[in-house]
Each structure stands twice: as structure tokens, then as C-alpha cells.
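Please read these notes with the model open beside you.

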Amino acid sequence: MNPNKALWEKGDFTRIAECMRQSGEELVAGLGIAKGLKVLDLGCGDGTTAIPEARLGADVLGVDIASNLVAAGNKRARELGLANVKFQEGDASNLHELPDAAFDLVVSIFGAMFAPKPFDVAKEMVRVTRPGGRIVMGNWIPNDPTLVAQILKISSAYSPPPPEGFISPVTWGIEDNVVARFGEAGVPKEKVSFQRDTYIFNFPGPPSGLLAAFKTYYGPTMNAFEAAERGGRGGELLKELDALFNSQNRSSSADVTSIPATFLRVTVNR
Ligand SMILES: C[S@@+](CC[C@H](N)C(=O)[O-])C[C@H]1O[C@@H](n2cnc3c(N)ncnc32)[C@H](O)[C@@H]1O
């Protein structure tokens, strides 16, 4: 089994995605989507951005490596009566099933960054975008002090070393890497621009409840707890993450969680 696919099918990312809907909608509202625009949402999960894109009238294809998330996306689309969005399985490192220049806009928010072979991912995103089209990525930033970068950093300290040749997903949060990857795909540096942006994690319970959701449903955190528990350090990891979630909470009520997280927004003009 492909370990990248296994990681994301392990838990149930829909339970985390529920906390990210508001920021997903706000991000999509700023993308200039008009009726009929052909959009590929890559690493789409259950459609946090794909569904709002479809609501704005775009023809959306959501592609994700995890079959459970593809099914969850199609279920949401059906329940919402949206006929202009379809979710299907695929790997951002190799989109062989998609033709060249098929999309006006390729969106990948914390999605393609998790695929292995980042140079192949950039090549594939560029290939399926029509000349004159756009690619928009959201990528977590290594060593950033906010929530997700810290979860990934703390988790990696409790996990076994990655296999040789593994390239960390958060390397997509470093501008020089992004320029080099799209450069190899034929996009000059001047066509790649960067912005710091924020996603807010909203949870209708205390920070410890949001942490419990990550521990139970978020593949990378589940793996970190399994590894920590094998080494007798599960309690230590829980304590470290609990301190992180509580210190990052910006809600004025102790029973509600609202945590902002910074990411690198990348725009490529094809
Ligand atoms: C953090 S989630 C983000 C999902 C969604 N974009 C959102 O904003 O809710 C990462 C997603 O990337 C998907 N993913 C990971 N590796 C992938 C790959 N190689 N190809 C396509 N999707 C991938 C996962 O299955 C998961 O749905």
C-alpha cells in the first residue's frame, strides 16, 4: 500500500476539515471565480474549498489520494445538490488521467504539499493549467510558531526518522524551494508570487477537544501518538500538544476554540 495514501486514509480528515470551513470559504471568495471557470482542486479532501468554488458557479474537479475523502466530498456535493463538482481519486505526483491545459485555475490548499516528489507535483500542476491560467497553493511553513507547523514539528520529534530520500511537506513553505520547483516545470521566477495568509481553526469546545480530534482523526498526529506510545512517551506528547493548543487559542471563552495558523500562499501565473 502506498504510504502517502495510507496516511490520509488512516483517520478521518473530515473531522478536522469541519473546523476549517469558514477560512476555506473566505479564501475562495477572493479567487475571482466566475461561472463556468474550470477549476481543479488538488488534494481536495472533502471539499472545504472545492464546494465553495462550485457554489460560485465554477466547474470543479476535486482530486485526492484518499478514497474515504473522495467519497465524503461526493456525498457533500450530492446533499447540497451541486451538479458542477465531482470528486475522484488521483495522485498529485502523477495526474496521468488529466489532459494538458485542461483547467483555468488549479487550487491546492494544504493538499499537493503532502504528495511525495515535489518536482513532479509542480510539473503536473503546470501541465494541467492552461497558458494564461493560475495556480494557487496554500502551504504550511516550517518552524512557523503557529498551530499546524508546530503540530508537525512536535509530532516529528516523537516519530521514527523518515525513510531515506523523504522530502518534508513543509519544504513547500519555503519560497526558494517553490521557485525552484516551478522553475524546473518551466515557470519563470517573475510569475510566482507569495503572500502570508491565515486560516482559523474554529471548534465548538475547549482546545483539548480540538486536540482530541487531531489525536483521533488526523493521520500525521495519529502516527506520532502510536510511535510515542511505543516508546512510553504518549503522555509527554499529549502534554506538549495540549500546552500548544491552549497557548494558541484566541477565543475569549474557555469553552470555544479559535486558533489562527499562518501559511504561505503561492500564486503562479501560467
Ligand atoms: C490537510 S488535508 C487538506 C484537504 C483540503 N485541501 C482542505 O483544505 O480541507 C491534505 C489532503 O491532501 C491529500 N493528499 C495527500 N497526498 C496526496 C497526493 N499525493 N495526491 C493527492 N492528494 C493528496 C490528503 O488525502 C488530504 O485530503
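1. Which polar backbone atom is 3.3 Å from a nitrogen atom of the ligand? The atom belongs to Ile65. A polar contact here is a pair of N or O atoms within 3.5 Å.

2. This is a predicted model, where local features need pLDDT of at least 70, side-chain atom pairs count only at pLDDT 80 or more, and totals for chains, interfaces and linings use all residues. Residues are numbered from 1 along each chain as its sequence is written, and side-chain values use heavy atoms, without hydrogens and water.

3. The backbone of Gly43 has an N or O atom 2.7 Å from a nitrogen atom of the ligand. For Ile109, a backbone N or O atom lies 2.8 Å from a ligand nitrogen. The protein buries 99% of the 600 Å² that the ligand exposes when taken alone (Shrake-Rupley method, 1.4 Å probe).

4. Around the ligand there are 19 residues (a heavy atom within 4 Å). Asn4, Gly43, Asp64, Ala92 and Ile109 come nearest. The shell divides into 11 nonpolar, 6 polar and 2 charged residues; Gly counts as polar in this scheme.

5. Side chains of opposite charge can pair when their charged atoms come close. The count of salt bridges is 11 (a side-chain nitrogen of Lys or Arg within 4 Å of a carboxyl oxygen of Asp or Glu).

Conventions. Polar contact = N/O pair within 3.5 Å; in protein donor to acceptor, adjacent residues only side chain to side chain.
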